Amino acid sequence: MTLAVPQDVPSRRPWLRAFLWLAGLGILFYTSYPLANYLADQRAFIPSIVFDWEKGMPFLPWTIIPYWSINFFYAASPFFCTTKAQVDTLGRRLLTAQLIAVTCFILFPLRFSFAKPEIGGGLPGLLFQALMSFDKPYNQAPSLHIALLVILWSHYARFIPAWVRWAWHLWCVLIGVSVLTTYQHHFFDIPTGVLLGLFCLWLWPDVPDSARVTPVQRVKRLKLAGFYVLGASLLATLGIALGGWGLWLCYPAASLALVAANYLWRGAGGFQKRPDGSMPFADRLLFAPYQLGAFLNSRWWTRTAPAPAEILPGLFLGRIPSRFDRQVASFGTIVDLCAELPARQGRGAVEAFPLLDLVAPSPATLAEAAKSIEAARANGTVLACCALGYSRSAAAVATWLLQCGRAETVEEAIGIIRVVRPAIVLGLDARVAIAAARKTGKADG
């Protein structure tokens, strides 16, 4: 996992801040985790969520070593940070994971149902004794061990040299598997722990969001968020009702819930798309079910017009390219207006200006995208794209037509585009944004 790394590296590391975060997190863990165990122990019955195939899971005592190693990586993690912002972001992620996990342990306790075999001596025996001295077979889902692993996995990947990163990934896999082979967790706890860790990475991004919901967009965003919340609720209810493998429906439910959060709160920045059109691995995992649906939807609606349309010589408008679109290699620059899908790299550059789907585009973003189109034309052909190539990217091209004097009015600009791409959809809110973007571009110029 890799995340964007801020460039503000100071001459002195924030050692004191790192120590204070670690001390506070340690105090919270060693007070709240045993408390959750104690409260669970007072209950007359604690259920288990376990699949039949787990009964064949081998018990491997030596895997207690990678299991315990996460404590070392946890304790060292704040001291690898080079800025105060990095320390605070890591601290917030770890704190959020602990608070959510412990809350779940208290409200919905689960029990590990297998008895551990006899454990011999040596280092594994000592580590198991240390573990069982304060741990009980509760505190199962979501696995805090796995949630912290996801956060630390991503955290260390930015600091470890590329030539040894494969060893780090392998060790993290061993840590993840060890929760099963040390008989600490059932399988259900693992995907829920992964989801919690990914949520913490999404909630506290490396680069704070600069955009928030504006009053003009609020009503439309609330409506769309409501649809996503409804979809998430239906999937989660169905998954819980089915039980067993049906619980996997909670994954797309969580994905849709986060999309709703983006429309309600985070805006386009909630998808954490980078300026080069890529997305962090954690976010691609979080939004994978939604992105699959969005991608298939884009291909369905553009099935009769899959190829980009040439608006003017060298400037094309179309849907966001995939790895299967061979034409992407012919463009010198891709100007990407889509927030929810990653852009595939062609032979040239990708410049992303993410906008949420189905809401009024930001005039400032349209103005910046138009400037990018104009600058990119000097380096060859340009593709302006969004999910379908019908709205957000069309608004950016219309803005460019106005800024460069190819059109005098918004309606004229839209008419030029509609001649070669008649399916574009630019409603009143988009037209108002295009007009405002034209003024923004002139003021900046």
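Helix α13 (residues 392–403) packs with helix α14 (residues 410–420) at an angle of about 120°, their axes lying 9 Å apart. Axes here are lines fitted to C-alpha atoms, for helices over the stretch in contact, and angles run from 0 to 180 degrees between N-to-C directions. The angle makes α13 oblique to α14, since angles under 35 degrees count as roughly parallel, over 145 as roughly antiparallel, 65 to 115 as roughly perpendicular and the rest as oblique. On the side of α13, the contact (heavy atoms within 4.5 Å) is made by A394, V397, A398, L401 and L402, and on the side of α14 by V410, A413, I416 and I417.

The model is predicted: local features need pLDDT of at least 70 and side-chain atom pairs pLDDT 80 or more, whereas totals for chains, interfaces and linings use all residues. Residues are numbered from 1 along each chain as its sequence is written, and side-chain values use heavy atoms, leaving out hydrogens and water.

Helix α1 (residues 15–41) has 27 residues.

The chain as a whole has 15 helices and five strands, which are DSSP runs (H or I, at least four residues, for helices; E, at least two, for strands) numbered from the N terminus. Of the 445 residues in the chain, 50% are buried. The C-alpha atoms fill a box of roughly 80 × 55 × 40 Å, taken along the principal axes.

Key:
Expected span 1.5 Å × (residues − 1). Buried < 20%, exposed > 50% of the residue type's maximum accessible area, 1.4 Å probe, protein only.
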